[in-house]
Structure formats: structure tokens, C-alpha cells
Amino acid sequence: MAVEIDDTNNARGFLEWLVKINNIEELWERQPTYLLVQACFLFGALMTFIHAYSSKGRWPLLWCCTVCHGLVIEALCFFLPEDVADNYWHSQTPVVFLGGRLPLHIIVLYPCFYYQATAAVNKFQFSIWTEPFAVALLVLLQDVPYDIIGVKFVHWTWHDTDPNLFDRHYWVPWNSYFFHAAFSASFTFWFHFIRSGTGGTKKDWRKRKWQIQSTSSEALAFVLTSVLGCVGGTIMFMLIYHPLHDMLGIHSEITFFIVFAMFCLIVWKAISFSGATDKHCGPVFHDYLLLCHLVVHYSIFLILALFGSPENEISIGYHEQIGPCNQTVQFPSAVGKVALVKKEIPLFRGLR
């Protein structure tokens, strides 16, 4: 007997999974600090977008590409197995996507971080081999207060049972900093390299890297950068973090500072010996939009650190449930080593 499928219900179910709207009054009552942080990122998205539109050239493409790159990262994290990337959960927000997993402000976090850093670094005379690492360092400066305050106020949670997240700094896994540094550097490199290459002098490259070329070349660079930014960051994890941490048992703090020191040395060399600060351009009017966002960004987290009460925050949504400590499962690492970790329990709603 044929079974009739209700396409209307299927479509409605898909739309509810794709986009979910939550009661903002309830969210404000339970977790007001989270709404303030979200507003800060939406404000930053607006400021960076206006700056990109005013700057013309490839700047609007950079803004849009950071959004696309962020969507690729977040989607991969949610759909890959838990032992690969699915190891954190956001609290609920007024607008959330992908089955309640992806808040709206996380989508625009990437232009807030990447675009801000790129605009600042562009004032220097860095080459294509140095600029990605300078961008990564500035991304870290924006990420550190966001990570520390966010997890303290339960804006999201990381799995306590993931061995890649055991080593932490003020409740933040060191690998979160590693991730932002590696992926932002990779993204910046591919965004310029795919389209502009490395030919000519440093001055020639700086001139043409923001010039629009053909639609096909820009579209190709847009798509490849969104994907290869993830690939390059993953390769950095595979080459540095996993061999040292998984095979030699080196603390994640050390692996992060290895990467951090490498990036600092590359940038320091360019500034000290390659004339990276020569003839740098000064600010234009719309650059102050970016400065305005940075003031708001750091002020919000400073105020929360000084006057916030994380013990009063109630995080609603999906979280890792607390279960029996004596149950373990095998957790394979990227280099083939298998660790025994505490067993995960099915997710539940509502965590205080």
C-alpha cells in the first residue's frame, strides 16, 4: 500500500530545524549578559560591513568570505563525529540555526575578528608570507576576552570529556586559541594567494591584492578560500598539535605557545628587518567605525568581568549531561592513538 507523504509538514519541519526563533524576554530574564554580547557582535558586523562597502575593491568580498568561511567551520563542527569536532554547545539565542546549534551572532563573529584584524594589518607593509600571521595575532587579541568571559558566563560549554580540551586557561581550552590563530592565518593566506599569487614585488602585491579582477577569478577565490581556510588550519593541527600532544603527551599550553612564538617571530622579523612599517597609510574616516566597535567590544567584556554575576546566569539549550564517572569509551586521536575517556550521556535541555 502506498503511503502518502505530507510535503507541507516535511518542509515545515526542515524550516524549524534551519531557523528557530526564541522568546527574547525569556532569554533576557535567564541570561542577559549573553544578549549584550550578541548585540556587540551584531554592532561589529554592521560597522565592519559599512567599512567594507565604503572601502570598495575586494573589501566587501573579504567581509562576505569571512561569513562563508565561518559557516563552513561551524557546519563541519556540527556534522562531523564528536571525536573530530562536535565538542561544544551554545546557549540559546533569539535567532538560532541548524537545529538550535548555530546562533546568529556566531555567523558574524568571523567578520568581526578577521575583518578587524585584516584592516589593521593592512596599514603595514607586510608581504603575503607575513600578513597572515600578523592577522592571526590580532584575532587572538580579540578572542581572548570573548572566550574567557563567554565560558565563565555559560554562553557556551565545551565537552569536559574530550581529551583535546582537557588543558585549559581560565576555563578556556588552549586549543581554542590554537584554532583561532591557525584558521585565521590560513584563511588570510588563501584569500590573497589564490587570486593575487606571489609574483612581482611586495609593493606590486600590496597594490593589486585589493583590486577586483574578473568575476570568475573572484568567485573561484571566494569558494576556495572558504574551504581551504579550514584545510590549512587543520593541517597546522596535524603537524604541530597532534604529534606533540597525542604521541608525546605535551601539554596543550606548550603546543599553543609554539605556534604563538612562531607567528610572533615571523611578524617581528618583518617589522625589524623588512621595512614593514615603512610608508604605512594613516586612518581614513570610515576606519573610526572599526575603532568604535573595538571600544564597545572590549568595554562589554570588561564590564562583565567587573560587575557581572555568572552564578545568576541560566543557560538554556543543548548541553552535555553529567553521567556516571566509571563508564568509559574509546576516543581515537588524529594520529591513531586511542584513549579511554568518560562516556557521554544523551543530551538534555536545561542546565543551570
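A crossing is left-handed if the near helix is turned anticlockwise from the far one by less than a right angle, and right-handed if clockwise. Helices (H or I, at least four residues) and strands (E, at least two) are DSSP runs, numbered from the N terminus. The model is predicted: local features need pLDDT of at least 70, side-chain atom pairs count only at pLDDT 80 or more, and totals for chains, interfaces and linings use all residues. Residues are numbered from 1 along each chain as its sequence is written, and side-chain values use heavy atoms, with hydrogens and water left out.

**Exercise 1.** Describe how α10 packs against α11.

Step 1. Axes are lines fitted to C-alpha atoms, for helices over the stretch in contact, and angles run from 0 to 180 degrees between N-to-C directions. The axes of α10 and α11 (residues 252-273) come within 9 Å and cross at roughly 140 degrees.

Step 2. The crossing of α10 past α11 is right-handed.

Step 3. Contact means heavy atoms within 4.5 Å. From α10, Met 236, Ile 240, Tyr 241, Leu 244 and His 245 meet Ser 252, Thr 255, Ile 258, Val 259, Met 262 and Phe 263 of α11. This contact comprises 8 nonpolar, 3 polar and no charged residues (Ala, Val, Leu, Ile, Met, Phe, Trp, Tyr, Cys and Pro count as nonpolar, Asp, Glu, Lys and Arg as charged, and the others, Gly among them, as polar).

**Exercise 2.** Classify the crossing of α4 and α10 by angle and by hand.

Step 1. The axes of α4 (residues 59-79) and α10 (residues 215-247) come within 8 Å, crossing at roughly 40 degrees. α4 is therefore oblique to α10 (angles under 35 degrees count as roughly parallel, over 145 as roughly antiparallel, 65 to 115 as roughly perpendicular and the rest as oblique).

Step 2. α4 passes α10 in a right-handed crossing.

Step 3. By class, 8 nonpolar, 4 polar and 1 charged residues form the contact of α4 with α10.

**Exercise 3.** Is Ser 184 buried or exposed?

Step 1. Ser 184 lies in α8 (residues 174-196).

Step 2. Because its relative accessibility is 0%, Ser 184 counts as buried (buried means under 20% relative accessible area, exposed over 50%, partly exposed in between, with a 1.4 Å probe and protein chains only).

Step 3. Beyond four places in sequence, Ser 184 contacts Tyr 114, Ala 136, Val 139 and Phe 179. The C-alpha atoms of Ser 184 and Tyr 114 are separated by 6.7 Å.

**Exercise 4.** State the confidence of the model.

Step 1. The average pLDDT (the predictor's confidence in each residue, from 0 to 100) is 83, and 80% of the residues score at least 70.

Step 2. Over residues 1-7, pLDDT stays under 50.
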